[in-house]
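Colleague: Hi! Could you walk me through this one? I'd like to start with the strands.

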Amino acid sequence: MAAKIKKGDTVVVLTGRDKGKSGEVIQMLPSDNKALVRGINMVRRHQKQTQSQEAGIVSKEAPIHLSNIALADPKDGKATRVGFKVQDDGAKVRVAKRSGDLIDG
């Protein structure tokens, strides 16, 4: 099955403390049905000192469940569902249900 949300997509958070915010998917975790979204679901973690990184408290993204995010419509940036369409040349493409626009990617 083709993925409805992919790395590099812009998504909107539907629920939780970051509701309404949008960001870019930086990593998909399909085994857990989760995604890492830039700037969303930030957590603070204590970091031990390494050769390349200093010790201290760092902020980083925590995975967010796919049911709590939706793809942003390419036309207006609002949340939309994803459909699939087979083009004349046989290519299967993702389509925004809200506006009918093709989703790049």
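**Strands and turns**

Modeller: Happy to! Lys85 stands opposite Val93 in β10. This is a predicted model, where local features need pLDDT of at least 70, side-chain atom pairs count only at pLDDT 80 or more, and totals for chains, interfaces and linings use all residues. Residues are numbered from 1 along each chain as its sequence is written, and side-chain values use heavy atoms, leaving out hydrogens and water.

Colleague: Which strand pairs with β10, and over how many bridges?

Modeller: Strand β9 (residues 82-86) does, meeting β10 (residues 92-96) in the antiparallel sense over five bridges. Strands here are DSSP runs of E with at least two residues, numbered from the N terminus, and two strands pair if DSSP finds at least two bridges between them.

Colleague: What's in the turn of that hairpin?

Modeller: Five residues lie between β9 and β10, and Gly90 in the turn has a positive phi of about 90°.

Colleague: Switching topic, what does β3 pair with?

Modeller: β3 (residues 34-37) pairs antiparallel with β2 (residues 22-29) over four bridges, and Gln27 stands opposite Leu36 there. β3 is also joined to β6 (residues 64-65) by two bridges, again antiparallel, with Ala35 opposite Ile64.

Colleague: And which residue has a positive phi in the β2 and β3 hairpin?

Modeller: Asn33, near 55°, in a hairpin with four residues between the strands.

Colleague: Which domain does UniProt list for residues 4-31?

Modeller: The unreviewed entry lists "domain: KOW" there; UniProt positions follow the numbering used here, feature names are shortened, and annotations may be inferred rather than shown by experiment. That stretch is 0% helix and 43% strand, with end C-alpha atoms 15 Å apart.
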